[in-house]
Amino acid sequence: MHKKLATIVVEAEAGDGAVKVSANAAREILNIKFDKTLLDWDDTEQVEDLVTVAVNRALALAAEKEQAESQKMIQDMIPPGLEGLFGK
């Protein structure tokens, strides 16, 4: 399962694209990119806030993908005809 989740990549941004974060559905941060033209590098607090927002958004998207993939995997494991036993 972890190997499958590691192949599902999501991306989130903050500051209208000033900071972009890539993560996988295993909730690992893969990359952080900055658009230097959109950031005030002298405003450290702003940069920190944008990184935090982008990371949190990416992790939330990763969690959604993880949940969806887990549900799909569970559904694939249920033998045909027994789906109704689990509330569906």
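Reader: How far apart are the end C-alpha atoms of helix 2?
Author: This is a predicted model, in which local features need pLDDT of at least 70, side-chain atom pairs count only at pLDDT 80 or more, and totals for chains, interfaces and linings use all residues. Residues are numbered from 1 along each chain as its sequence is written, and side-chain values use heavy atoms, with hydrogens and water left out. Helices (H or I, at least four residues) and strands (E, at least two) are DSSP runs numbered from the N terminus, and the expected span of a helix is 1.5 Å times one less than its number of residues. Helix 2 has 34 residues and should therefore span 50 Å at 1.5 Å a residue, which agrees with the distance between its end C-alpha atoms, 49 Å.

Reader: Which elements do the buried residues of helix 2 pack against?
Author: A residue is buried under 20% relative accessible area, exposed over 50% and partly exposed in between (1.4 Å probe, protein chains only). In helix 2 the buried residues are V47, L50, V51, A54, V55, A58, A62 and E69. With contact meaning heavy atoms within 4.5 Å, these residues pack against helix 1 (2-6), strand 1 (9-14), strand 2 and strand 3 (29-34).

Reader: Is D49 buried, partly exposed or exposed?
Author: D49 belongs to helix 2, residues 44-77. Because its relative accessibility is 43%, D49 counts as partly exposed.

Reader: Which residue joins S22 in a side-chain polar contact?
Author: S22 lies in strand 2, residues 19-24, and its relative accessibility of 13% is why S22 counts as buried. Leaving aside residues up to four places away in sequence, S22 touches V9, V10, E11, E28, I29, L30 and N31. A polar contact is a pair of N or O atoms within 3.5 Å; within protein, one must be able to donate a hydrogen and the other to accept it, and residues adjacent in sequence count only if both atoms are side-chain atoms. At 3.4 Å, the side chain of S22 has such a contact with that of E11.

Reader: Is the aromatic pair of F34 and W41 stacked, tilted or edge-to-face?
Author: Rings of Phe, Tyr and Trp (its six-membered ring) pair if their centres lie within 6.5 Å; planes under 30 degrees apart count as stacked, over 60 as edge-to-face and the rest as tilted. By this rule the count is one aromatic pair. At 5.4 Å centre to centre, with 70 degrees between the planes, the pair of F34 and W41 is edge-to-face.

Reader: Where does R27 lie?
Author: R27 is not a glycine, yet its phi is positive, about 65 degrees. Because its relative accessible area is 47%, R27 is partly exposed. The place of R27 is the loop between strand 2 and strand 3.
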